[in-house]
Amino acid sequence: MHLSRFPRVHLAHLPTPLEPMKRLSAELGGPEIWIKRDDCTGLSTGGNKTRKLEFLMAEAQALGADMVMTQGATQSNHARQTAAAAARLGMQCHILLEDRTGSNDPNYNANGNVFLDYLHGATAEKRPGGLDMNAEMEAVADTFRKSGKTVYTIPGGGSNATGALGYVNCAFELVYQANERGLVIDHLVHATGSAGTQAGLVAGLKAINAQIPLMGIGVRAPKPKQEENVYKLACATAEKLGCPGVVERDDVVANTDYVGQGYGIPTPETIKAIEMFAQLEGILLDPVYSGKGAAGLIDLIGKGVFKKGERVVFLHTGGSAALFGYTGAFSFDHAAPIAAE
């Protein structure tokens with residue numbers, strides 16, 4: 001696959017590290033766990049959306065855009081990285097933030113990713129939950145166009161066939177890293193939401209016949225909807241690559257048992273997973289995506305789905321900035337103070 005024929009602007013620190021998690025593996029007593037550190041992509045604390053934005057922002061430049069617009073939840077990692085990419089490239093950025101949780105916590109509504117959106121110079125406006133956010137975005141974009149701006153709109157999560165090319169590239173990168181160190185990957189696991197990351201990985205892995213089973217741990221939609229969204233986008237991405245038909249429906253697997261009360265609402269298992277990664281490996285997860293993905297991974301190891309003797313790679317999609325919007329979800333009262341000598 002020759003991705004160089006697609007416009008791309010280099011924003012990410014690549015390749016991201018592929019590391020063993022020895023202490024977590026020992027604690028869980030199951031498979032050998034590795035982590036693909038896409039929290040280390042480098043743009044505004046990192047995250048998976050930077051890979052997508054390399055292709056999306058290049059397309060925006062090619063179309064002569066002087067403003068980009070996107071939409072997402074209040075604590076959107078994608079919005080933060082889009083704002084940072086726009087700042088890097090000298091474009092204006094406007095964001096629509098959807099209230100999906102109903103939280104009145106000042107930290108949730110103004111700290112974390114929201115603070116960074118504004119710090120990067122973006123403008124933003126909020127919307128109640130449940131609207132057609134892409135339609136809302138296009139309506140606002142039209143008002144900017146009428147004022148003379150050339151606006152490029154990016155769907156939520158950067159999840160279209162252009163953005164998914166970033167995770168086709170990640171699939172190639174991961175397989176190369178595994179080949180270089182003789183690592184046989186039995187399973188690849190990650191959090192899946194807007195579908196672009198999983199769709200790109202599926203298309204990329206299938207295009208090179210990697211034979212690595214991929215499981216997305218859903219963070220929002222029910223299983224049928226999540227899998228259908230991923231499958232449609234993976235097929236569109238494969239067609240864009242020039243290998244239509246390479247993706248089959250059975251290649252798309254999403255486990256949506258760990259959504260809990262809804263998108264952006266961490267479960268107790270999410271919090272436990274975040275604490276385990278932080279305290280055993282020094283790695284920060286977020287409460288919306290990577291934390292729920294890790295909670296699913298841990299539970300499935302406990303249930304024997306991923307077995308001792310296997311090698312599992314967890315793709316860390318980033319998002320640690322959101323932790324500062326969720327401080328109320330954590331309690332460290334149980335930690336006794338160290339007595340003074």
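**Exercise 1.** Determine how the lining of the largest pocket divides by class.

Solution. The model is predicted; local features need pLDDT of at least 70 and side-chain atom pairs count only at pLDDT 80 or more, while totals for chains, interfaces and linings use all residues. Residues are numbered from 1 along each chain as its sequence is written, and side-chain values use heavy atoms, without hydrogens and water.

Step 1: Ala, Val, Leu, Ile, Met, Phe, Trp, Tyr, Cys and Pro count as nonpolar, Asp, Glu, Lys and Arg as charged, and the others, Gly among them, as polar.

Step 2: The lining of the largest pocket then has 13 polar, seven nonpolar and six charged residues.

**Exercise 2.** State which charged ends lie over the ring of Tyr263.

Solution. Step 1: A charge sits over a ring if NZ of Lys or CZ of Arg is within 6 Å of the ring centre and within 35 degrees of the ring normal.

Step 2: The charged end of Arg100 sits over the Tyr263 ring, 4.6 Å from its centre.

Step 3: Arg220 lies over the face of Tyr263, 5.7 Å from the ring centre.

**Exercise 3.** Decide whether Gln177 is buried or exposed, and list what it touches.

Solution. Step 1: Buried means under 20% relative accessible area, exposed over 50%, and partly exposed in between (1.4 Å probe, protein chains only).

Step 2: Gln177 has 10% relative accessibility, so it counts as buried.

Step 3: With contact meaning heavy atoms within 4.5 Å, Gln177 touches Pro15, Thr16, Pro17, Leu18 and Lys36, not counting residues up to four places away in sequence.
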